[in-house]
Amino acid sequence: MAKTTAELKDAFRDGAYEELLKDIYVDKNMLEYQKERYIKALEAFEALYGEKEVEIYSAPGRSEVGGNHTDHQYGKVLAASINLDAIAVVAKTEDEQIRIKSEGYEPFEVNLNDLNLSEEEKGTSKALTKGVASKLKEKGYEIGGFQAYITSDVLNGAGMSSSAAFEVLLGNIFSGLYNDMKVDPILIAQIGQYAENVYFGKPCGLMDQMASSVGGLINIDFKDPENPIVKQVNVDFEEYGHSLCIVDTKGSHADLTDDYAAIPEEMKKVANFFDEDVLRRVDKNEFYLNLPKIREILGDRAVLRAMHLFEENKRVDEEVAALEQGDFEAFKKLVKASGDSSFKYLQNVYSGHDLQNQSVSIGLAVSDVALGDRGVSRVHGGGFAGTIQAFVPNDIVGMYKETIEHVFGKGSCHVLKVRKYGGKKVL
């Protein structure tokens with residue numbers, strides 16, 4: 001039985017959903033914060049649309065653990081959903097209008113009778129909404145109108161993939177309101193990627209959406225991107241006395257689209273040399289045999305980026321094996337090796353267009369000094385700006401947080417948990 005915004009606010013205040021929140025967000029220290037956050041979201045919905053029966057949906061941010069920039073070449077990744085998420089308070093409507101207000105952004109509307117691609121709308125949330133709706137409809141699912149208020153903890157432009165969380169959230173709203181939650185999480189991820197590639201205009205791979213949609217720590221093999229192989233990796237970092245820290249180095253991802261686009265572009269040029277469309281289909285030995293010729297035709301950076309791809313795919317397999325064997329020290333060494341490869345060969349730690357701004361490099365350097373040989377850090381997500389990831393022994397988390405926040409400001413270091421759920425209907 002659906003509840004009204006007023007009934008839900010009372011239930012949250014009375015502690016009725018504490019177990020549910022603990023189940024979703026893992027960290028009991030977050031319970032009071034999440035209760036208040038949900039109540040505020042319900043209040044914001046009421047202020048916009050009035051008191052009515054609603055449902056609440058959630059989609060998490062993600063942390064890529066291994067496989068940096070491999071997904072667009074049909075490679076392998078290791079990624080985790082984290083306990084920072086976007087939540088939506090939603091009411092079904094009888095008309096063909098979608099009305100969305102996201103905290104901190106202007107409200108917008110989408111008419112479901114006009115889901116055509118618009119060049120003017122590229123780069124907007126409206127474009128993503130139209131892309132998700134149009135692809136779901138094309139796949140034979142029901143779509144319809146709704147009103148939504150969305151608030152997100154997933155840092156925008158900081159490598160936790162706020163856009164993927166938004167797309168997965170939309171997919172789950174349509175799945176819940178109109179399809180009895182029967183849209184497969186993998187399909188929701190693929191639809192999110194389609195919306196981002198085609199309607200939004202950003203050439204992303206599928207990893208972000210997949211980690212947000214499926215949930216937990218997952219190993220994904222994209223060899224056949226239409227049917228990716230997804231495997232849960234059961235590991236509890238708490239057992240190894242380590243925390244996953246994500247540090248926001250305060251560099252914005254704005255104006256970096258060309259830097260991102262150049263990575264798959266250059267990798268694909270190397271693949272094209274062998275008459276293939278992606279590097280996964282190129283024989284590694286053939287690549288090394290032809291390396292002098294590829295350098296001559298395509299230049300050195302494309303060659304280095306291809307070398308990163310070949311070795312990174314192998315590293316993902318080794319990371320999974322280390323975790324399954326309970327060898328956390330070996331896993332940490334591989335995380336460090338992955339980060340070093342991203343810095344030296346993939347070259348996505350700072351933009352070549354803005355050499356004086358190297359906040360990610362500063363974060364990694366400070367982490368190396370602070371952690372010594374006890375913890376590891378690496379570039380996180382797309383790179384060039386935004387966040388770094390660190391695996392830090394619990395007994396020095398306080399020291400690490402204090403050291404890194406001295407450089408990047410209070411609140412820049414997020415001590416996170418891996419959440420077991422991807423996109424879901426909360427209530």
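**Exercise 1. Find the residue just after helix α11 that takes a positive phi, and check the span of the helix.**

Solution. Just after α11, the residue with a positive phi is G326, at about 75°. Helices here are DSSP runs of H or I with at least four residues, strands are runs of E with at least two, and both are numbered from the N terminus. This is a predicted model, in which local features need pLDDT of at least 70, side-chain atom pairs count only at pLDDT 80 or more, and totals for chains, interfaces and linings use all residues. Residues are numbered from 1 along each chain as its sequence is written, and side-chain values use heavy atoms, without hydrogens and water.

Now the span. Helix α11 covers residues 300-324, 25 residues in all. The expected span is 1.5 Å times one less than the number of residues.

**Exercise 2. Classify the aromatic pair of F287 and Y288, then that of F328 and F331.**

Solution. Rings of Phe, Tyr and Trp (its six-membered ring) pair if their centres lie within 6.5 Å; planes under 30 degrees apart are stacked, over 60 edge-to-face, and the rest tilted. A search of the whole structure finds 14 such pairs.

- F287 and Y288 are edge-to-face: 5.0 Å between centres, 75° between planes.
- F287 is buried, because its relative accessibility is 0%. Buried means under 20% relative accessible area, exposed over 50%, partly exposed in between (1.4 Å probe, protein chains only).
- Y288 has 31%, so Y288 is partly exposed.
- F328 and F331 are tilted: 5.3 Å between centres, 40° between planes.
- Both belong to helix α12 (residues 328-346) and sit three residues apart, about one turn. An α-helix has 3.6 residues a turn, so residues three or four places apart point the same way.
- F328 is buried because its accessibility is 5%. F331 is buried too, because its value is 0%.

One ring cluster joins F12, Y17, Y25 and Y38 through ring pairs.

**Exercise 3. Locate the lysines over the rings of Y194 and Y421.**

Solution. The test: NZ of Lys or CZ of Arg lies within 6 Å of the ring centre and within 35 degrees of the ring normal. K135 lies over the face of Y194, 4.3 Å from the ring centre. The charged end of K424 sits over Y421, 4.8 Å from the centre of that ring.

**Exercise 4. Which residues of β11 are buried on each face?**

Solution. In a regular strand the side chains alternate between the two faces of the sheet. On one side of β11, T387, Q389, F391 and P393 are buried; on the other, I388, A390 and V392 are. The count is seven of seven residues buried.
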